[in-house]
Each structure stands twice: as C-alpha cells, then as structure tokens.
Amino acid sequence: MTILNRTFIFHMLFMITILAACSVSSSHVDEGHVGSNEKNHLVLAIGSEPDDGFDPTTGWGRYGSPLFQSTLLTLNRDFEVEYDLATDYAVSDDGLEWTVKIRDDAKFSDGEPVTADDVVFTFETAKHAASVVDLQHVTSIEKTNNYEVKFTLEKPQSTFIYMLAMLGIVPEHAYSENYNQEPIGSGPYQLVQWDKGQQLIVEQNPYYYGKKSPFERLTFLFLDEDAAFLAAKAGEVDTAAVPANLAKEDIPGMKLVRLESVDNRGIMFPYVEPTVDPETGKEIGHEVTSDVAIRKAINLAVDREQLVEDVLEGFGTPAYSIADKLPWWNEETAFEDGKKEEAENMLYKAGWERNENDIFEKDGIEARFTLVYPANDQTRQSLAVAFAQMMKDFGILVETEGKSWTEIAEVMHSTPVLFGWGSHDPIEIYYVYHSRHQGVDFFNPNYYKNEKVDKYIELALNASSEEEANEYWKKAQWDGATGFSTLGDAPWAWLVNLEHLYFVNENLDIGEQKIQPHGHGWPITEFIADWKWEE
C-alpha cells in the first residue's frame, strides 16, 4: 500500500468517526452542531474514555473534577480549601475525629435529596472497594444527623482533607454494580448518552446548587491526540488536547492554550545493592544505581532544559521533584543541572574511573544499566532515548527498552524505569518514598528507605494543620542534611513536567486554571462554570 493510499484511508476513517459522532449528537440538538455554532453547547476532545467509567469510589475524579458528582470540599486555584457540598467542618484536638456538615438544599440529578446517609454510603463503599481510593485508616463513618457526618481515624492524618476534596458523593438509593456506566450525582452535569468508544453527551443538572455554567450541553469525543488535532483543524470541536509535536501548528480560528502541570516524568533508580526480597523472592536492587554517587552525578549531568526543547518541543519545564510548585514542594531542591564536569569530579571522588572505552568503571563494574519505559508511550520513549544519549556522552551506558506494564512490574525492583506521577494530594509522597511501601504495587519499587525521611513523612501525616504538614513534607525532601531529593539520597532523577496543550476556539475563554495533575481524567473541566464566550 502506498503512503498516499494510507493517508487517504486514515482521513476517511477519521471523517467517518467525526460524522458518526456528530450525527448522534445532532439527535439531541434542534439544528445539529458543528464546533461552537450553538453557543450553549461545546464539543470537546480533551482526553481518553475512562476505562473504569465514572464511579468516584473506585477512582473517577481523583485527577480532576468528577463532573457528575459533588465533593464535600474543593481546592481553589491556589490550593486553598473551600466548601462544596459541605458547609462546615471541624477536627478534634487529637486529630482523630472529623465532623462535616453538609448543605440541606442539595439534590441529585434525579431530584432526590443529598443527605448524610449518602456521604456515609460513599465513604463506606470506597473503603471496601479495594481500589486506588485508600480509606483503610478510617475506622468509622457515622451519621450524627441528616446533614452531618463524623469520620473517626485510626490516627491523625493531615491528608484526609484532600480525600474530602476529591471523593465524589454517590447516591445510596441509585447505586448499583452498573453505577460506573450510569452515574447519578449532585454535581454540575448529568449523563445523557454514552456511545462507548465514540462520545459522551452530558447536560446540566437542573438541581445543581452551585454556579451554573453558560454551557447547557457538553459533548466529549473520544479521539486520540492526532485525531483530535484533525478535528480541531476541521472545525469540528471547540477544544482539543494535542501532543507537543502538533502544538506549533497553526489552526485558523483556534488558539493554543498551554497549561502548567505537575504531570512529571522521571527515572526511578533501584536503590539497594542486588539481593532478593526474603518475603517475595523477587530480585531487587542494582549494582550500579545503588551507588549514591552515580545517582547524584546523573541528576547533575543531565540537561533538563535540552530535554524540554528537544523532546517536548519547548512545551514543558524541567522537573526537580515529584511536586514542583505545589504548596508542599521544597524550593531548595531546584538546582542548576547540565554540569558534567562537576558530576565527573563527583564520580572520581567516589572511586569511579574512565576505562579504555571512556566509560566510568569501579571495581570491575562498568557504569551501565537498562532503562525501561512503557512501550506504547511515545513521549517516554523519546525521553529515554534522549537521556541515554546524554549519558553516553557523559560516560554512562544506558540501553533503552520498551515493555508492557505487566512486564515492567516484573523487573522494576531491579531495573531503572521511566515513570510519571503528579497529584494534588501530598500523600503521593508517602506512597512513593516511605519505606512502608517498599515493593508494594508501583509505589516504592526501588526499595528506598531513609529513617529520617520516614519520620518526617509520618510527622506530616499526623500534623494538626496543612501548614505544619507542609513544613514536614519539605523537610522530607531536604532538611539541610538529608532527604529524598537530589540534594540528599537522589533515588530518582526527575526530568520534565509536561505542559497540557489544547487548541481552543479563539472566542472561548476557559479562564484561569490551576497547575494540572497527572494526565488522567479531564482536569481542564474543573472550572467549567467560569468558561464563557468572549464578546
């Protein structure tokens, strides 16, 4: 088949998809809809179809607004806590009891009132779902009256406030095993139609108590980024998420919106010397990356700005931690990189010498390792290859290899992996860096452990205020002597933060956004009530 024929077929398939989506959408619109022809209707291609549907108790909404459901609290653009479904909350002096009052005028999209029973049901369901929503530290959830709930924790946990801001409330009366396919909530929108693999149509919840969006209907098209770009170019969508390699294209009638994020990419280094985990029998550790001098030298030698320019086309920022620019980030952990001479001297001082092939070697062991990345992720592959070239020029040999996530899970305890994180909840630090999570799922696969870091993390979790907690989160990163940042143990080499890129109708104002989380869900819709057409 010729290149011309392949291109023609691709465009035909794309247009068939778009036309099918629009034909279904038009059945709910008096005059059909293309792009923003109808001022109260938006067509969006801003992300993939959720694999697990729209059930908050199993994870929907944790990387952005749940859209269909309300949360008790919410975080504004400055990550300050504000009320949503809740009207007040109080924490006992010992930090164990959280009492939350909810508004008495909220209704689900089916007209039924939201009560304390629904809040209790939601949190109990999430606790027993054995999903990414971790509520195991909550010992009891009690209704104290129709509009008040008391949560009792096993021990104080400052991050519980973020759970109150992320877990959408589901209706006890309408919850079933199919809820993730047919969500009902008290949030700003309700589901109208879901054509699997194609589109989702939502309309405003008529009972929503909050600020109303000027857009009564939203149609989400499930297109990959290349197809979303073509849809934007064809004028079929009002907003389209696009990859960096297409963001410099010019689309008449559209503007590029660049959103800063903590959607990071970094290299996890096996932290311990090669051994076998006595509990699991798995091989862990690596003979090269277990040397702190190697890890620090790599962090210092890599040129993050060059990675941003070459791999991300300039659409990103250098990354220095798991939480850059968030309230719990320690700004001291940022540093000037690309210092190969300083990195080289660091290795010489640690006993590494260049061999006849100009590769660093110590005690007969060459500085080399394999860097694994998800095979279906083009950005991570490009980052891995660019990083490997930088290291080769420096004197460390890095081979790159793409694997499935199942395969990565088998080797990640003994092989460096290019991962991505980035959450609006500092508890992510606990999962990634606390020794309690060594070898647990994907959380601390490199078996990192620092007793002082563990202590700081525990103090942060048990703090009585967010301000106090943030100080301990920062000390866990670097306290002037130790920490999990590059200044300390350097168990990771954070490389870049991606920018989230959207082509947006030039007349559509999506307002100010906050730093975006890791790229799951549809976080750009969090402030949909503030979107408007410009005059």
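These legends describe close-up views of aromatic rings in a predicted model. Local features need pLDDT of at least 70 and side-chain atom pairs pLDDT 80 or more, while totals for chains, interfaces and linings use all residues. Residues are numbered from 1 along each chain as its sequence is written, and side-chain values use heavy atoms, without hydrogens and water.

**View 1. Phe54 and Phe68 form an edge-to-face pair.** Rings of Phe, Tyr and Trp (its six-membered ring) pair if their centres lie within 6.5 Å; planes under 30 degrees apart are stacked, over 60 edge-to-face, the rest tilted. The count comes to 34 aromatic pairs. For Phe54 and Phe68, the centres are 5.2 Å apart and the planes at 80 degrees. Both residues lie in the loop between strand S1 (41-45) and strand S2 (73-75), 14 residues apart.

**View 2. Ring pairs build a cluster.** Its members are Phe54, Trp60, Phe68, Trp194, Phe220, Phe222 and Trp522.

**View 3. Phe419 and Phe442 also meet edge-to-face.** Their centres are 6.2 Å apart, with planes at 80 degrees. Phe419 is buried, at 4% relative accessible area. Phe442 is partly exposed, at 29%.

**View 4. Charges sit over two rings.** The criterion is NZ of Lys or CZ of Arg within 6 Å of the ring centre and within 35 degrees of the ring normal. The charged end of Arg77 sits over Phe527, 3.9 Å from the ring centre. Lys514 lies over the face of Phe79, at 5.3 Å from the ring centre.

Technical notes: Helix = DSSP H or I, 4+ residues; strand = E, 2+ residues; numbered from the N terminus. Buried < 20%, exposed > 50% of the residue type's maximum accessible area, 1.4 Å probe, protein only.
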